[in-house]
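Dear colleague,

Please find the structure below, handed over for your reading.

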Amino acid sequence: MKNDYAREAVPMSERKAWFSISLVWIAVGIDLSAMLFGAELGKGMAFQDALWAVLIGSAILGILAAFCAYVGAVTGLSTSMISRFTFGISGAKLVSLFMAISLLGWFGVQAGFFAENAYAAIEGALGLKAPVPLLAAIGGILMMTTAVIGYKAIEKLSSWSVPLLLILVLAAVGLAIRQFGASELNAPVENTFTFGMAISLVISIFVVGATISPDISRWARTKKDAVLASFFGFFFGNSFMIIIAMILSRIMDESSLTTIMITVGLGIPGILVLILAQWTTNTSNAYSSGLSLSVIFTKTSKVTLTLIAGVVGTLLAVLGIYDHFIDFLTIMTMFITPIGGVYTASYYIGGMRLFREENDKRFKLLPLLAWALGTLISWLTMEGPIGLALFTLTTIPSLDSFLTAFIFQLIFILIFYKKERF
C-alpha cells in the first residue's frame with residue numbers, strides 16, 4: 001500500500017465509496033467524552049431543547065467537515081500534505097508539528113480516560129481491581145496497532161464495530177426504559193445550558209476532527225463521496241452518542257456510563273462498548289499524528305513514525321497525562337482549527353493552481369499570518385483559565401478561529417496573488 005500514501009495522493013484505484021468512509025467517521029464520533037457531555041446536557045436542559053441543540057450543532061459540524069473533506073478528495077492528500085502547498089515546505093513542518101503534538105497528546109489523554117473508565121467497569125462487573133497504568137498500556141497498544149497498519153485497518157475495525165456498538169447501546173436504552181420507564185424524559189430540570197451554549201459545545205467536541213478530515217476523505221472515490229461521507233459521518237457520529245447519553249441519564253438519573261451499563265444488566269457487554277468506543281476514536285489520533293510527522297521527518301516511514309507516536313502517547317497515558325496536561329493540549333488545539341480555514345480558502349478561492357509543485361515554496365508568509373491571526377482570535381474569545389474571553393463572535397472560539405483564518409487568507413489571495421507576492 002506504499003506506506004499508506006502518507007506523502008503522495010491516494011490513487012483512484014484505492015479509493016472507497018462514501019458509506020465505508022462514513023462508518024469510519026461514525027466510529028470516531030462514538031466515544032466516551034461525547035457520552036459524558038450528553039449526560040451533563042441531559043441533566044441541565046429540557047430534553048426537547050437539548051435534542052434540537054444537538055441536531056443543529058451536529059448539522060453545522062457536518063457542513064464544516066464536508067467543506068474541508070472536499071479538498072482532501074480533490075487533492076488526494078492528507079491535511080499535513082495539503083499544508084505543504086498552503087504554507088510552504090518549511091512552513092508546513094511548523095504547522096504539522098503543532099498538529100502532531102496535539103494529536104499525540106490527545107491520544108495519551110484518551111488512553112488514560114479509557115483506563116479510568118475500564119477500571120470502574122471491570123470492578124463493577126467482575127469485582128476485580130486492575131491497575132490503571134496497565135489498562136492504559138493495554139488500551140494504548142490496541143489503539144496504536146490499528147493506526148500503525150493504516151487506513152484499511154481503521155476501515156475494517158469501523159465496519160464491524162459500528163453495528164456492534166449501535167446494537168449494544170440501543171439494547172441499553174431498551175433495558176433502561178423497561179426497568180425505569182420513560183416519564184423522566186419530560187420532567188422539568190434546572191437549566192444550566194442556554195440553547196446557544198449547547199450548540200456551541202456540540203460543535204466544539206468534534207471540530208478538530210472536521211479540520212483534519214482530509215486525512216480520511218483523501219480515500220473517497222469522488223468529491224460527492226467525500227461530502228456525503230463527511231456530512232453523514234459527522235452528523236450521525238457526533239449526535240448519536242450524545243442523544244443516547246441524554247436519554248439514559250434522564251431515565252436513570254445517572255451520568256456514569258459504567259454504572260448505567262451494570263445497572264441494566266450489561267456489565268460485560270458494557271466493557272466491550274467501552275473498549276470499542278475508545279479504540280475506534282483514539283486510533284484516528286495516532287493515525288493523523290503519524291501523517292503529520294511524515295511531513296516533518298521525510299526520510300522515515302509513516303509506519304515507524306506512527307509507532308513512535310503511539311508508544312509516546314501510551315507512555316503519557318501510563319504516566320497520568322489525563323490529570324496534568326489538559327490545558328497545554330487545549331492550547332495546542334487552538335492552533336489546529338485555523339489551519340482548516342487557511343487551506344480551504346486557498347482551494348476554494350485560489351483553486352488548484354495553488355497546489356502545484358511550482359508553488360511549493362519554503363515559506364508562504366501570508367498564509368502563516370492568516371493562521372496566526374486565527375489562533376489569536378481563538379485565544380481572545382475562549383473562556384476558561386487559558387482564554388481571555390475579551391469578546392465573542394459566533395460564541396464558538398474554534399469556529400471563530402476557522403472563519404478568521406479563512407477570511408484573512410481570502411483577502412490575501414485576492415490582493416496579493418496576481419502580484420506574485422503570495
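Helix α17 packs against helix α18 (residues 365-381) at an angle of about 140°, and their axes are 8 Å apart. This makes α17 oblique to α18, a word for angles that are not under 35 degrees (roughly parallel), over 145 (roughly antiparallel) or 65 to 115 (roughly perpendicular). Axes are lines fitted to C-alpha atoms over the stretch in contact, with angles from 0 to 180 degrees between N-to-C directions.

This is a predicted model, in which local features need pLDDT of at least 70, side-chain atom pairs count only at pLDDT 80 or more, and totals for chains, interfaces and linings use all residues. Residues are numbered from 1 along each chain as its sequence is written, and side-chain values use heavy atoms, leaving out hydrogens and water. Helices are DSSP runs (H or I, at least four residues), numbered from the N terminus.

Isoleucine 349 lies in helix α17 and is partly exposed, its relative accessible area being 31%; buried means under 20%, exposed over 50% and partly exposed in between (1.4 Å probe, protein chains only).

Two residues other than glycine have a positive phi. Aspartate 253, with phi near 55°, sits in the loop between α11 (223-252) and α12 (257-263) and is exposed at 65% relative accessible area. Threonine 395, with phi near 75°, belongs to the loop between α18 and α19 and is partly exposed at 46%. Most residues other than glycine have a negative phi.

With kind regards
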